[in-house]
Amino acid sequence: MSKIEFMQGNRACCEGALAAGCNFFGGYPITPSTEVAELMALKLPKAGGTFIQMEDEIASMGAIIGASWTGARSMTATSGPGFSLMMENIGYAVMTETPCVIVNIQRGGPSTGQPTMSAQGDMMQCRFGSHGDMATIAVVPSTVQEMYELTAKAFNLADRFRVPTFVMSDETIGHMRERIIIPDKVDIVPRKPLQEGKLPFEADENGVPGFAKFGSGHRVHVTGLTHDERGYPDTTDPDVHAKLVKRLYNKVESKRHEIADYDAVNTDAETVFVTYGPGARTVRQVLHDHPNEEIGHLNLRIVWPFPEDTLKLFPNAKTFIVPELNLGQMVREVARHTTGEKVVSMPKIGGYIHTPDELYAAVEAEK
Amino acid sequence: MTTRVFEKWYREDRLPHIFCTGCGNGTVMNCAIKAVDMMQWEIDDTVFISGIGCSSRAPGYISTDSLHTTHGRALAFATGVKMANPDLNVVVFTGDGDLSAIGGNHFIHACRRNIDMTVICMNNMIYGMTGGQGSPCTPVGKISTTTPYGATEPVFDLADLAVAAGASHVARWTSYHTKELTKAIETGLATEGLSFIEAMVQCPTAYGRRNKLRQVTDQVEWMRTHAILLQKARRMEQEGKPIPEEHFTVGEFIHRQRPAMGVRR
Ligand SMILES: Cc1ncc(C[n+]2csc(CCOP(=O)(O)OP(=O)(O)O)c2C)c(N)n1
Ligand code: SF4
């Protein structure tokens with residue numbers, strides 16, 4: 001029997017993680033993500049999992065990678081400054097194909113910026129923040145319900161693709177309270193174990209190797225250095241590096257349309273909003289307030305890898321409007337993939353989300 | 001017997017190793033492997049973890065599950081491994097720079113938590129892998145590429161630091177004192193909580209060459225003659241005799257029972 005509750009977004013994040021089998025949390029407190037750590041501290045020990053408050057975010061990221069190699073479904077939660085600190089170890093997780101979930105309840109930046117206000121300024125950091133070429137997966141909830149569902153989904157994506165997966169939420173969704181339906185159970189897609197006769201970094205047909213869990217007798221060597229299929233360092237052969245990094249990139253990027261998760265509303269419209277996160281809420285209000293106008297809405301629940309084909313769901317689109325809580329980040333991806341349509345950036349920073357009036361005025365301007 | 005131990009624990013297909021001829025790291029690895037074998041630990045239940053540096057390459061040559069992580073962060077990763085699965089035996093290899101400079105915060109907190117693992121620091125008093133820059137353990141007056149006029153900063157006493165921060169077992173020996181070092185590691189492995197073993201090692205390439213210890217044997221001889229047994233040093237202290245310049249203490253600094261984390265249930 002599913003349950004109906006009235007719940008905070010950050011709590012929904014924990015509940016979603018626990019439902020998905022998260023059994024290790026390592027973190028360091030930072031506003032506006034702290035409730036995630038606090039609730040994990042309360043709930044994980046009772047659920048047979050492990051909570052540890054690490055000395056900083058670098059350590060938190062290291063700890064969840066270490067835990068993941070023992071087979072744990074591991075997670076951390078942070079916000080901007082902590083996220084920046086995690087970057088080196090996030091790259092390590094990419095290189096070593098370590099599944100893990102990183103929740104970023106975004107706040108205003110740069111630097112300590114606005115701890116208690118909302119922002120979406122880290123969208124490019126989760127894609128390009130660590131050094132080197134890499135692909136990652138990022139989910140973005142626009143409701144408390146989605147916070148629950150997408151956090152759970154993030155674990156499955158992390159395990160399936162063996163890639164660090166981000167829940168790129170923000171203060172608005174993290175701190176709001178909403179009605180949420182908690183299902184009996186959520187889908188759990190466990191990581192595939194390493195098969196007999198395969199090498200620990202030998203990919204299957206999907207580009208993902210089987211997982212050689214520590215303690216299971218595979219004697220795997222895991223290194224952030226460029227390595228061969230055995231996991232042994234091989235750092236100067238251009239072919240070994242190119243083959244590895246391209247595989248790590250393509251195993252995610254080649255599946256971008258399979259990974260995609262979105263809503264497309266009023267697909268005949270000429271003016272189309274493209275949103276991710278809280279912007280979707282305002283657009284929904286605009287659509288509700290102007291039922292007779294054809295206003296299109298594409299809401300992305302997964303922004304990385306960017307599902308560019310979703311833009312083609314709007315064949316009559318003349319204008320794509322992209323409201324976001326930064327000075328224009330995902331709008332570049334939209335613009336990169338449009339073919340002649342006008343792309344309007346609607347940046348907003350300072351801490352508040354767009355109002356319905358602001359967005360409707362943008363529609364009128366396109367008439 | 002000896003060969004069998006090495007055949008069992010080393011990855012033959014990873015040889016040759018990257019350590020320079022005469023490097024002390026190999027000796028410390030051998031002592032550690034002997035100690036692990038004496039504990040009769042199973043290969044499949046044992047995990048070696050390291051950060052970045054010459055010293056940190058050690059786990060790559062050992063035939064167990066191993067994590068070669070980011071510079072300075074080995075203890076954070078090790079904390080995750082041990083806390084998520086206390087049934088695994090965890091040993092960390094690290095260098096003086098890896099552990100005490102970039103990794104200093106993780107070091108004191110791992111000791112404070114007293115996580116049930118053994119940390120072996122190969123202290124060559126220099127950054128080896130990056131070519132001989134100064135480390136928090138480069139003695140005053142010694143030459144490195146970033147202290148061309150002689151190091152001026154006071155050094156960290158890593159063993160004292162570990163004791164102060166809360167480790168259960170702390171000892172320091174050198175690559176000359178192989179028997180004592182092996183025994184100290186074995187005691188560390190058997191101790192509940194964090195054991196910190198500092199192993200002073202010769203680095204003929206990055207340290208010795210610049211500090212009038214050009215021959216491998218010169219630096220080993222220097223360690224032999226400059227190491228003062230802890231008991232003797234304490235006696236000298238009581239008698240008001242100063243420890244001669246450039247000398248350092250070796251021995252068991254502490255062996256105690258303290259509440260520990262990540263202990264096998
Ligand atoms: C974040 C980061 N900074 C710097 C480096 C470069 N680096 C690699 S090894 C090393 C020093 C290692 O010295 P130490 O830990 O004393 O080990 P040794 O090589 O002497 O055994 C440094 C600075 C790095 N890999 N990562
Ligand atoms: S540089 Fe020094 S520490 Fe590194 S392998 Fe050579 S001798 Fe050993």
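Predicted model: local features only at pLDDT ≥ 70, side-chain atom pairs only at ≥ 80, totals over all residues.
A residue counts as buried when its relative accessible area is under 20%. B:Ser56 sits in the loop that links strand 1 (46-50) and strand 2 (65-68) of chain B. Setting aside neighbours within four places in sequence, its contacts are B:Ser50, B:Gly51, B:His68, B:Phe93, B:Thr94, B:Gly95 and B:Asp98.

Staying with chain B, what sits around ligand 2? The shell includes B:Phe19, B:Cys20, B:Cys23 and B:Asn25, along with B:Cys54 and B:Asn124. B:Gly128, B:Cys203, B:Pro204 and B:Thr205 also surround ligand 2. Sorted by class, this shell has six nonpolar residues and four polar ones, with no charged residues among them.

Seven of its seven residues are buried, so strand 8 of chain A is largely enclosed by the rest of the structure. Side chains in a regular strand alternate between the two faces of the sheet. Here, A:Pro164, A:Phe166, A:Met168 and A:Asp170 point one way, A:Thr165, A:Val167 and A:Ser169 point the other way, and all are buried.

Which strands pair with strand 8 of chain A? One of them is strand 5 (residues 100-108) of chain A, which runs parallel to strand 8 and is joined to it by seven bridges. Within that pairing, A:Ser169 of strand 8 has A:Ile105 standing opposite. Strand 7 (residues 137-139) of chain A is also parallel to strand 8, with three bridges joining the two. There, A:Ala138 has A:Phe166 of strand 8 as its bridge partner. Between strand 7 and strand 8 of chain A the chain passes through helix 6 (residues 144-161), making a right-handed β-α-β crossover.

Is A:Leu157 buried or exposed? At 7% relative accessibility, A:Leu157 counts as buried. Not counting residues up to four places away in sequence, A:Leu157 touches A:Ile137, A:Val139, A:Arg162, A:Val163, A:Thr165, A:Ile259 and A:Ile302. A:Ser254 is 97 residues from A:Leu157 along the chain, and the C-alpha atoms of the two are separated by 14 Å.

Two further helices of chain A each have a buried side and an exposed one. In helix 11 (residues 330-337), the buried residues are A:Met330, A:Val331, A:Glu333 and A:Val334. These cover an arc of only 155° around the axis, which puts them on the same side of helix 11 of chain A. On the other side of helix 11, A:Arg332 and A:Arg336 are exposed. Cover for the buried residues of helix 11 includes strand 12, strand 14 (302-304), strand 15 and strand 16 of chain A.

Helix 12 (residues 356-365) of chain A can be read in a similar way. Its buried residues are A:Leu359, A:Tyr360, A:Ala362 and A:Val363. Their arc around the axis is only 150°, which puts them on the same side of helix 12 of chain A. A:Asp357 and A:Ala365 are exposed on the other side of helix 12. What covers the buried residues of helix 12 includes strand 12 (271-275), helix 10 (279-289), strand 13 (295-300), strand 15 (319-324) and strand 16 (342-347) of chain A.

How values were computed
Residues numbered from 1 in each chain as written. Chains lettered and ligands numbered in written order. Heavy atoms only, no water. Near = heavy atom within 4 Å. Nonpolar A, V, L, I, M, F, W, Y, C, P; charged D, E, K, R; others polar. Buried < 20%, exposed > 50% of the residue type's maximum accessible area, 1.4 Å probe, protein only. Helix = DSSP H or I, 4+ residues; strand = E, 2+ residues; numbered from the N terminus. Arc of directions from axis to C-beta. Contact = heavy atoms within 4.5 Å. Pairing = 2+ DSSP bridges. Right-handed = clockwise from strand over helix to strand, strands pointing away.
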